[in-house]
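I opened the model to look up a few local features. My entries follow the structure.

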Amino acid sequence: MPLPLYLLALAVFAMGTSEFMLAGLLPDIALDLGVTVGTAGSLTSAYAIGMIVGAPLVAASARDWPRRPALVGFLLAFAAAHAVGAASTSFALLFATRVVAALANAGFLAVALTAAAALVPPDRKGRALAVLLSGTTLATIAGVPGGAVLGAQLGWQATFWAVAALCLPASVGILKGIPARQDEDEAAGKPALRTELAQLTRPRLILVMLLGALVNAGTFGGLTFLAPVVTDTAGLGELWVSVALVLFGAGSFVGVTVAGRLSDRNPGRVLAVAGPLLLAGWPALAVLAHRPAALLPLVFAQGALSFALGSTLIARVLHEAAGAPTMAGSYATAALNVGAAVGPVAAGATLGTAAGPLGPLCTAAVLVATALLLALPLPPHRHGRREGGGAALTPP
């Protein structure tokens, strides 16, 4: 894989750390800025909304920019937002910096997804996207726990400064690593914005985006409320919550890596195998949650299956939106973040029911089941080869 891919992954690592790090910092932020923890939690909502809205809007406004300056510009804006946030003594200002950071993140990821795919031959796009997305999975393994420790030792501001600092070497590397010829080729064959937006009228593209949103909703619905399952249902101590989260992150890294190698050749088989296993895994996790010896391996497995299926669907969105080369990445980004925003809300609504802490796991199963049912009737692409287990993911 080309070196620029790993530089892009470093930037995604910093952004993934920022997106998830607030879970361990909210109490300190609330105390320091004189707001309630609930109010501080709105910082997470601001980031999610910024990602959903920002992906298509920022990508559309920046579509005439060359890729290298666009990537570096988004990354520096992201770093600046964190620097201002770290120096802020006002919650309103911190809130604003989270919105700016989310917009920059959305713009960067939308461009990076298409840039990563363009760095390799068509038959290696899945592996390229796996390298890029490994930045997010590594953030859940190392970045978020590391940020929590840094915040506990030096204050929440230190974590913000650390994220900003990570962006600087990534910016220099991207500026030197992304070939200028890619910018020239991009400018030469770029369709009109109206043509790219018209891709959203294609049923196959809309359906694959919906599948990605549903799978990601299940992933974040189950992951967000994993802590009460570990402590209340399994009866483990608070330390084991971190262990479970790291296991989920490690599984997600394995899933992205393996799926990246398989999805280029047999994306339909990834859906056919990972989909049913993921569906079976969520209720299995609910049934066996009271047994730590089963709970922890299942958490790892669900992380692997969720991200294997999710990363494959991202690749399929890019394939289906091939007629929108500058906007395709924003379509994938928006779909996944809709899932990340809706999933926890739907899952959280079940906590007050008889299911209790196991409700979110059941919700995740329903969301994945809905995705698989929607995928079944999808007709094969007329120019594609029908693959076993799911025409929805056959290459165009």
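I took helices as DSSP runs of H or I with at least four residues, and strands as runs of E with at least two, numbered from the N terminus. Just after helix 2, I found G34 with a positive phi of about 70°.

The model is predicted, so I kept local features at pLDDT of at least 70 and side-chain atom pairs at pLDDT 80 or more, while totals for chains, interfaces and linings use all residues. Residues are numbered from 1 along each chain as its sequence is written, and side-chain values use heavy atoms, without hydrogens and water.

Helix 2 again: I listed L26, I29, A30 and L33 as the buried residues of this helix, residues 26-33 (buried is under 20% relative accessible area, exposed over 50%, partly exposed in between, with a 1.4 Å probe and protein chains only). Viewed down the helix axis, they fall within an arc of 100°, so they line one face; the arc is taken from the directions from the axis to the C-beta atoms.

Next I looked up salt bridges (a side-chain nitrogen of Lys or Arg within 4 Å of a carboxyl oxygen of Asp or Glu). The count is 2. Which residues does E320 pair with? One partner is R202, at 3.4 Å, N to O. E320 is in helix 15 and R202 in the loop between helix 10 and helix 11, 118 residues apart. The other pair is E320 with R204, at 2.9 Å between the closest N and O atoms. R204 lies in helix 11, so this pair ties together parts 116 residues apart in sequence. Shared partners join R202, R204 and E320 into one network.

I noted E320 as buried at 3% relative accessibility, R204 as buried at 11%, and R202 as partly exposed at 24%.
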